[in-house]
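Reader: I have a new structure to look at. Please show me how to read its features, one at a time.

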Amino acid sequence: MKNKNYVPHAWESVNCPFCGSNNSFVYERFGNELQYNNLKCKICGVVYFSPRPKYDGKFLEDAYAKYNDFNHITYEYSDRLTKNWDKEISETLSFIKSPNSVLDVGACMGDYLFSAKKYFKHCYGVEVSEKMASFVENKLNLKVFRDNFTSLTFDEKFSCYSS
Ligand SMILES: [Zn+2]
């Protein structure tokens, strides 16, 4: 039986990640049906993957969110899951004068934030996966920004970041 190919919902073409040039040629094809290209930059010689699956919330859901049963009642926070976070947070807190807000970058299923809620007045998450973001919001009743960390801007100041 043949492996099922992953079909991205969207593609993006990128320039050379080293020099920024778009002057390139197809260097090799790869993948099950040679559906992917590596390009070689004519300027600096770097070989890079392009076009590539568009890196956004949908892609991340395809890539990893389906492995977590976030839509289902079966996912519950437990002390077993979060006890390492409790430990880590208490250690971090010894370096923080006044623990006020925490921002968890890549909130995922919210295990960290579940623990953090016990220690910080305000807890926020950042999560590119829409499904995970709304799961955590509903479950923990806090704000999760749907975004990529690099494109986020905040008015608020945080006393602790996690990722
Ligand atoms: Zn280049």
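Reader: Which residue in E7 is the bridge partner of Leu103?

Author: Strands (E, at least two residues) and helices (H or I, at least four) are DSSP runs, numbered from the N terminus. Two strands pair if DSSP finds at least two bridges between them. Here, the partner of Leu103 in E7 is Tyr124. E6 and E7 pair in the parallel sense, over 5 bridges.

Reader: What kind of model is this, and how are residues numbered?

Author: The model is predicted: local features need pLDDT of at least 70, side-chain atom pairs count only at pLDDT 80 or more, and totals for chains, interfaces and linings use all residues. Numbering starts from 1 along each chain as its sequence is written.

Reader: What is the average pLDDT of the protein chain?

Author: pLDDT is the predictor's confidence in each residue, from 0 to 100. The protein chain averages 82, and 87% of the residues score at least 70.

Reader: How many helices and strands does the protein chain have?

Author: There are 4 helices and 9 strands. From the N terminus, their order is β-β-β-β-β-α-α-β-α-β-α-β-β.

Reader: In what order do the strands of the parallel sheet stand?

Author: This open sheet of 4 strands runs E8-E7-E6-E9. E8 (143–145) and E9 (160–162) are the edge strands; each has a single partner, so one side of each lacks a neighbour in the sheet. From one strand to the next, the twist averages 20°. To get such angles, axes are lines fitted to C-alpha atoms, for helices over the stretch in contact, and angles run from 0 to 180 degrees between N-to-C directions. E7 also pairs with E8, in the parallel sense, over 3 bridges. There, Gly125 has Val144 in E8 as its bridge partner.

Reader: Which strands form the antiparallel sheet?

Author: That open sheet of 3 strands has the order E2-E3-E4. E2 (24–30) and E4 (47–49) are at its edges, each with a single partner strand, so one side of each is left without a neighbour in the sheet. Neighbouring strands are turned by 35° against each other on average, direction ignored. E2 and E3 (residues 36–41) run antiparallel and are joined by 6 bridges. Arg29 stands opposite Asn37 in E3.

Reader: How many residues of E7 are buried?

Author: A residue is buried if 20 or more other C-beta atoms lie within 10 Å of its own, exposed if 12 or fewer, and partly exposed in between, with C-beta atoms placed from the backbone. In E7, 4 of the 5 residues are buried, so the strand is largely enclosed by the rest of the structure. Across the protein chain, buried residues make up 20% of the 163 residues.

Reader: Which residues of H4 are buried, and why do they line one face?

Author: First, the general idea. An α-helix has 3.6 residues a turn, so residues three or four places apart point the same way. In H4, the buried residues are Met132, Ala133, Phe135 and Val136. Down the axis of H4, they fall within an arc of 165° (taken from the directions from the helix axis to the C-beta atoms), so they line one face of the helix. Their cover includes H3, E7 and E8.

Reader: What is Cys123 in contact with?

Author: Contact means that two C-beta atoms, placed from the backbone, lie within 7 Å. Leaving aside neighbours within four places in sequence, Cys123 is in contact with Val102, Leu113, Ala116, Lys117 and Leu142.
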